[in-house]
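This report describes the overall fold of a protein chain and then turns to one of its strands.

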Amino acid sequence: MNMSNAEFVLEAVDITKTFPGVKALDGVSLRVKPGTVHALMGENGAGKSTLMKCIYGIYSPDAGTIRISGQKVEIENPRNAMDLGISMIHQELHPVRTQNVSENIFLGRLPYKKRAGVRWVDRERLVRDTQEVFERIGIKIDPKQKVSELSTSYCQLLEIARAVSIGAKVIIMDEPTSSLTETETEILFKIIRQLKEERAAVIYISHKIDEILQISDEITIMRDGKLVGTWPAQEMTTDTIVSRMVGREMNNRFPPKTHKPGSEDYLRVEGLTSTSPHSFRNVSFSVRRGEIFGIGGLVGSQRSELMEAIFGLGEIKSGKLYINGTQVHNHCPADAIKNKMALLTEDRRKTGNIGCASVVDNMLVVDQNVNPGRYRKNGLFLDKKKRGREAKRYVDMLSVKTPTLKTSMESLSGGTQQKVLLGRWLLSEPDILILDEPTRGIDVGAKYEIYELMEEMARDGKCVIMISSEMPELMGMSDRIMVMCEGHMSGIIEHSEISDEKIMLLASTYTAEDVKEKP
């Protein structure tokens with residue numbers, strides 16, 4: 001169906017981009033209408049983020065044309081893109097954590113006033129303008145608060161507010177709900193509907209198919225750097241989206257349960273309380289060998305903080321930790337690693353990924369520090385061949401899509417980075433594997449591969465602890481689910497009794513009996 005250029009606010013035609021060893025985009029075209037939500041889908045490594053970075057001026061395409069409202073443009077950098085009315089919310093968050101909220105919202109666009117012939121930042125106007133943006137989109141964050149004090153989910157909302165503040169004609173949202181709760185997601189959808197009414201176009205990248213079907217007008221699917229096609233959203237179903245994304249049918253979202261939890265506790269936590277009065281308090285639970293133990297809760301429930309403290313990343317005021325009946329003290333992550341524990345953190349960019357380092361260096365950084373002699377020849381020099389063999393073993397096992405082991409992490413897709421970090425911890429051969437949002441920003445095919453790996457770990461008798469904000473994942477993978485609310489353990493649900501209603505009830509309320517503290 002032919003349409004005139006004026007009917008599209010953005011056209012990217014025959015875009016090609018090649019990196020050393022890989023053709024990331026092979027003649028891909030994308031046309032977006034004003035006042036619509038255009039979903040962009042595909043497996044990790046399909047080229048979605050690369051295409052958006054070409055449109056936003058982060059990358060220069062090797063070939064192809066970009067038009068805004070029918071006019072050909074050359075986008076040399078993100079500042080140029082913003083001037084043309086294009087804004088982007090990145091999958092990997094990049095807030096300036098040393099600055100406050102309002103400074104982040106208007107970064108590069110700070111309001112100034114003159115006093116005695118000298119330009120000063122107009123702080124009053126900065127706070128006022130930030131509050132106006134927040135009121136417009138319905139979020140509550142103190143404009144003067146330091147960004148370093150915000151959780152990942154609030155940083156995500158901050159990025160959304162910044163994009164809206166620019167008044168863009170095209171807003172690119174790359175996995176915008178990856179760290180948001182259902183309530184926060186509804187806030188985002190309300191913002192998107194408002195943007196549509198204002199004739200702005202939203203390019204929405206997500207692996208959450210239910211969201212795509214709920215919010216999108218059109219869906220474009222990519223595979224291996226090429227365009228598969230574009231369809232009206234109302235013509236698509238979950239099955240058609242998945243099959244066109246992966247090029248094969250996927251009938252089951254989760255692998256069959258073949259593991260069997262043991263009868264005795266292997267990890268036991270008793271009355272764990274943080275030194276911070278606003279964090280977790282009096283939390284007790286246990287995990288058996290061969291069990292997948294889910295942890296649910298809303299943002300602010302202190303799930304991640306609890307697991308980080310158990311791993312030696314947070315200070316504990318009181319409580320005890322036992323592994324196989326012996327009390328242990330994890331004063332730092334090195335202690336936890338020696339006690340055969342591993343932690344895949346929620347924010348891979350902030351606390352996991354070494355972006356400028358290679359795949360092999362990222363994968364071996366833990367095991368090489370714990371077992372330095374394993375990777376040395378004659379006790380002096382690094383054994384590069386052995387390092388390569390060990391890294392390749394897990395690259396193959398996890399189906400990591402990378403041109404070479406020397407490829408830098410920052411050039412890989414978000415889901416591929418996640419697999420590398422998972423391989424890092426598997427190399428340390430842990431008995432207790434803690435996974436904080438393990439499939440955040442990962443496509444359906446890669447998710448299934450990680451689920452299979454979790455199943456295999458449990459089958460081998462490991463303790464697998466999974467924090468997840470995705471209800472289907474939590475329910476589909478867990479043998480039991482511990483739910484937290486405002487720093488307290490509000491309940492543990494056995495497998496036969498798991499339901500989304502019970503999880504949400506426990507996540508939003510708790511009783512005095514649930515949180516009664518020991519004297």
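## Basis and contacts

A contact here means heavy atoms within 4.5 Å. By that criterion, residues 24 or more positions apart account for 67% of the contacts in the protein chain with a separation of 6 or more.

The model is predicted, so that local features need pLDDT of at least 70 and side-chain atom pairs count only at pLDDT 80 or more, while totals for chains, interfaces and linings use all residues. Residues are numbered from 1 along each chain as its sequence is written, and side-chain values use heavy atoms, with hydrogens and water left out.

## Overall form

The protein chain has 519 residues and a radius of gyration (taken over C-alpha atoms) of 24 Å, which agrees with the value near 24 Å that a compact globule would have, the globule rule being 2.2 Å times the number of residues to the power 0.38. Along its principal axes, the C-alpha trace spans about 70 × 55 × 50 Å.

Buried residues (under 20% relative accessible area, 1.4 Å probe, protein chains only) make up 54% of the 519 residues.

Helices (H or I, at least four residues) and strands (E, at least two) are DSSP runs, numbered from the N terminus; the protein chain has 17 helices and 24 strands. Strand β13, residues 265-274, is largely enclosed by the rest of the structure, because seven of its 10 residues are buried.

Two strands pair if DSSP finds at least two bridges between them. Strand β13 runs antiparallel to β14 (residues 283-288), joined by five bridges, and Asp265 stands opposite Arg288 in β14. Strand β13 is also antiparallel to β16 (residues 316-323), through six bridges, with Ser274 opposite Ile316 in β16.

Conventions. Buried means under 20% relative accessible area, exposed over 50%, partly exposed in between (1.4 Å probe, protein chains only).
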